[in-house]
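Here are a few friendly notes to read alongside the model. Please have a look at it first.

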Amino acid sequence: MAKKPDRTAFLRDLEGAVEHFTDNSKSNYNNIVLISHNDADGISSLQLIQNLLYKMKLSNDYFIYNRSVSWEHFLHGILPKRQTNKTALIFTDVGSNLSDLLPIIKNREEHFYILDHHEVDNAIDFNDFPNNLHFINPTVYGFDGLADIAGSTLTHMFATSIDPSLIKYGWLTVIGIAGDSLRSMDKLQSFNKETYQEILDEEIVEDRKGLILFGSMHDTVKNSLKNSILPFIPGFSGESDLHIKTQLSTMHIDANKKLIDINENEIQSLLKLPKINLGNYCILPFKSGMLRFTFEHSLLLNILSFKNISAAISIMAQKSITRYAKTIYKDYVSDLAINMKKLSQDLSKNETKNAIFIDAGNGKIAPSNWSDTASFSMVNGLFDQNKMLFLGGLEKKTRMIKLSVRCSRKFIKTHKNCGVNNVITNIKQKLGGNGGGHKLAGGIRLSQASFKLLKQNIDNYF
Ligand SMILES: [Mn+2]
């Protein structure tokens, strides 16, 4: 893995894929199969490519991959018995599990284009790639797959290299960036930053400066504070309406004013609260209500992708939110804020030199929320960034201990590149169980006896 990002080498790969795709589209391909990830970034990427293919007059089928089955199993249902090089497959925001994919691709005649920004298994030999694969992944050249380049940014670069007029769909790109980077627009870096600027220059979206309370930017001051999940605001996020109203009235702020309508004095008083900062956020001017705000739009897509993928895909084309989606969204953010509050105040923690265990079982936090609560508490820095977080508890149906495991980038740096995936592999080797993940996030299920041993010896697993 390169230390300093190699821009030239990455752009050379991208250009090679663009040329090959353009040439074959004119003379060879008669059908394109699209495969994308079931999240906001994946859906945005998918629609960017669909718009490209529409302009190129190429027919396409699409499939959403949620990683619940192996690539072999998934592709078995998609690839036809009769092979043909007249079909191309384009993977967006997925496809970097090369040890699973390469053996399949090697035995096929179709052309494969993988546009992904997830990290690749280190063991891959890039000189041993099949000729029918174009693999474009900026992380291979030292870019950060979240901060520097979202899946949608990469897809945007591919699509606009073929047809520059596709910049008009840049709002899709921004939704992908907002969902994956989890930061305000002023903190974007590298290709994310450059691409966002190009889209702004074309006046496709609008950039605004204001208080950053991601989760409910579209709502009243009271609800924005109550449901702020990024940042988590101690004393406000997850608190009761009455508590927040009382606080706001002592600050002489009208609790029912829209957050984006508050005046300079009100902004200044809110800035005195912990964690609250000014920053830039992005508006989609042609949408209304909550869907105008890219972070919230993106979070909604992420939530719906797990519950109802068709609802997620169709919301992209809608100007305003459906009642169904609105209810799901409201419950989600308010639960998440409340869970982070519980995590930072009420739940018992067991800390060692390198780890923090938090028992969220027995109804303390609903098991379906363990994963997101762990992720957002990590992003918000609610715990010591030098420790790995193990959040979970007894899962009633399996009688096993289920754990969501998270760590920060700082942790990986100070622990010689040891991330969540390495620790989970070590645990499985010594204690059994099943699970997996990547550097920053993963999960594992263990027997209760193994969990007891793990807690006693956790510092030996790093
Ligand atoms: Mn992504």
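1. The axes of helix 5 (residues 151–162) and helix 7 (residues 190–201) come within 10 Å and cross at roughly 60°. Axes here are lines fitted to C-alpha atoms, for helices over the stretch in contact, with angles from 0 to 180 degrees between N-to-C directions. That angle makes helix 5 oblique to helix 7 (under 35 degrees counts as roughly parallel, over 145 as roughly antiparallel, 65 to 115 as roughly perpendicular, the rest as oblique).

2. Which residues meet between helix 5 and helix 7? Thr153, His156 and Met157 in helix 5 meet Phe191, Asn192 and Thr195 in helix 7; contact requires C-beta atoms, placed from the backbone, within 7 Å.

3. A word on the source: this is a predicted model, where local features need pLDDT of at least 70, side-chain atom pairs count only at pLDDT 80 or more, and totals for chains, interfaces and linings use all residues. Residues are numbered from 1 along each chain as its sequence is written. Helices (H or I, at least four residues) and strands (E, at least two) are DSSP runs, numbered from the N terminus.

4. Five strands build an open sheet with parallel pairing, in the order 2-1-3-4-5; pairing takes at least two DSSP bridges between two strands. Strand 2 (60–65) and strand 5 (133–136) are the edges, each pairing on one side only. From one strand to the next, the twist averages 15°.

5. Inside that sheet, strand 1 (residues 31–37) pairs with strand 3 (residues 87–92) in the parallel sense over six bridges. Helix 1 (residues 7–27) lies across strand 3, strand 4 (111–115) and strand 5, at about 140° to strand 5.

Key: Two residues are in contact if their C-beta atoms, placed from the backbone, lie within 7 Å.
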